[in-house]
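Here are a few notes to read alongside the model. Take them in any order you like, with the structure open beside you.

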Amino acid sequence: MRGAARLRTCVGCRTAHPQDGLLRLARTPDGVRFDPQQRLPGRGAYLCPRSTCLDAAMRRGAAGVRRALRGASEAELDTALAAARSEIGRRHQGVQHQVPQGTVRSENA
Ligand SMILES: [Zn+2]
């Protein structure tokens, strides 16, 4: 089958992941927007839905993200990254940190 998931490189960990598992930041004509539906036009930067990747992206002074988004302003990025952070927080709500390593299981409580 051809349509394999497109890979995108996370701006935090610099690892390629299937696009549909990542969070997207889009550089729209109105500025940088957090784009969880991956529908906004414009260039995008991708991030794993993990706070470690978000932190890594921010630690780099967002330089990599800004490059990916072609000169987005820092204020725009801050806003978009804050939105991404709250989305990550929502997804992890109620999830304990002590998830056993190597255990992959989906439990819908
Ligand atoms: Zn990552």
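**Notes on helices, sheet and loops**

1. Helix 1 passes helix 3 in a left-handed crossing (the near helix is turned anticlockwise from the far one by less than a right angle; clockwise would be right-handed). Helices here are DSSP runs of H or I with at least four residues, strands are runs of E with at least two, and both are numbered from the N terminus. Please keep in mind that this is a predicted model, in which local features need pLDDT of at least 70, side-chain atom pairs count only at pLDDT 80 or more, and totals for chains, interfaces and linings use all residues. Residue numbers start from 1 along each chain as its sequence is written.

2. To see this pair, look at residues 51-59 for helix 1 and residues 74-91 for helix 3: their axes come within 10 Å and cross at roughly 165°. That makes the two helices roughly antiparallel (an angle over 145 degrees). Axes are lines fitted to C-alpha atoms, for helices over the stretch in contact, with angles from 0 to 180 degrees between N-to-C directions.

3. Which residues make the contact? Helix 1 brings Ser51, Leu54 and Met58, while helix 3 brings Leu81, Ala84, Arg85 and Ile88; contact is counted when C-beta atoms, placed from the backbone, lie within 7 Å. By type, these residues are five nonpolar, one polar and one charged (nonpolar: Ala, Val, Leu, Ile, Met, Phe, Trp, Tyr, Cys and Pro; charged: Asp, Glu, Lys and Arg; polar: the others, Gly among them).

4. Now for the sheet: three strands form an open sheet in the order 4-3-5, with antiparallel pairing (a pair needs at least two DSSP bridges). Strand 4 and strand 5 are at the edges with a single partner strand each, so one side of each has no neighbour in the sheet. From one strand to the next, the twist averages 25°.

5. Strand 3 (residues 23-28) and strand 5 run antiparallel and are joined by five bridges. Arg24 stands opposite Tyr46 in strand 5. Helix 3 packs on the sheet and touches strand 3, strand 4 and strand 5, its direction making about 5° with that of strand 4.

6. Finally, two loop residues are worth a look. Arg14, between strand 1 (7-9) and strand 2 (16-18), has a positive phi near 65° without being a glycine. Gln38, between strand 4 (31-34) and strand 5 (43-47), also is not a glycine and has a positive phi of about 55°.

Definitions and conventions
Angles under 35 degrees count as roughly parallel, over 145 as roughly antiparallel, 65 to 115 as roughly perpendicular and the rest as oblique. Two residues are in contact if their C-beta atoms, placed from the backbone, lie within 7 Å.
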